[in-house]
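Here is a short report on one protein model. Keep the sequence and the 3D view at hand.

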Amino acid sequence: PAWLRLLCGQLLSERLLRPNGVQAVVRGIMEGTGGCAGAEAAAVDWRKCDAVAKILASCPQQCLSLEDYYSLVCPQILDLLHIQDKLTARQFQRVATTTLLTMAKEHPQLVEKHLLQPLLAPLLRGSEA
């Protein structure tokens, strides 16, 4: 029903905007199958990664602006690249890179500001020295 879809969307959006919300949402969707075999299956399921990336790349209606959304979510997307568990890291890296590509197609200036500049900052500092 429409009311349930709306409510679920609101709850998902609220969770994404909280600290560590992106990781919680990605874990909930990607690890929903449970167990190593399920996680391994999810790691190779590009459709699932694409779906999660589309969710993360979409600014919720509750957000005041796209800039605000990117400033809250993009650092959390970068944090997905630092997961230590190898199997989980593979899933999260796929989601992070797919999200980055999806966002870059839609809003390249915001991606440069909130994802690429922070991601490349250590490399730029090293090349300046």
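Predicted model: local features only at pLDDT ≥ 70, side-chain atom pairs only at ≥ 80, totals over all residues.

Residues are numbered from 1 along each chain as its sequence is written, and side-chain values use heavy atoms, without hydrogens and water.

The protein has 7 helices and 0 strands. Helices here are DSSP runs (H or I, at least four residues), strands likewise (E, at least two), numbered from the N terminus. Buried residues make up 34% of the 129 residues. Buried means under 20% relative accessible area, exposed over 50%, and partly exposed in between (1.4 Å probe, protein chains only).

Confidence is given as pLDDT, the predictor's score for each residue, from 0 to 100. The mean is 85, and 89% of residues reach 70 or more.

Now to α4. This helix spans residues 46-57, 12 residues in all. Its buried residues are Cys49, Val52, Ala53, Leu56 and Ala57. They sit on the same side of α4, because they cover an arc of only 130° around the axis. The arc is taken from the directions from the helix axis to the C-beta atoms. The face turned away from the buried side carries the exposed residues Arg47 and Lys54.

What do the buried residues of α4 pack against? They pack against α1 (2-16), α2 (21-30), α5 and α6 (86-106).

Technical notes. Expected span 1.5 Å × (residues − 1). Contact = heavy atoms within 4.5 Å.
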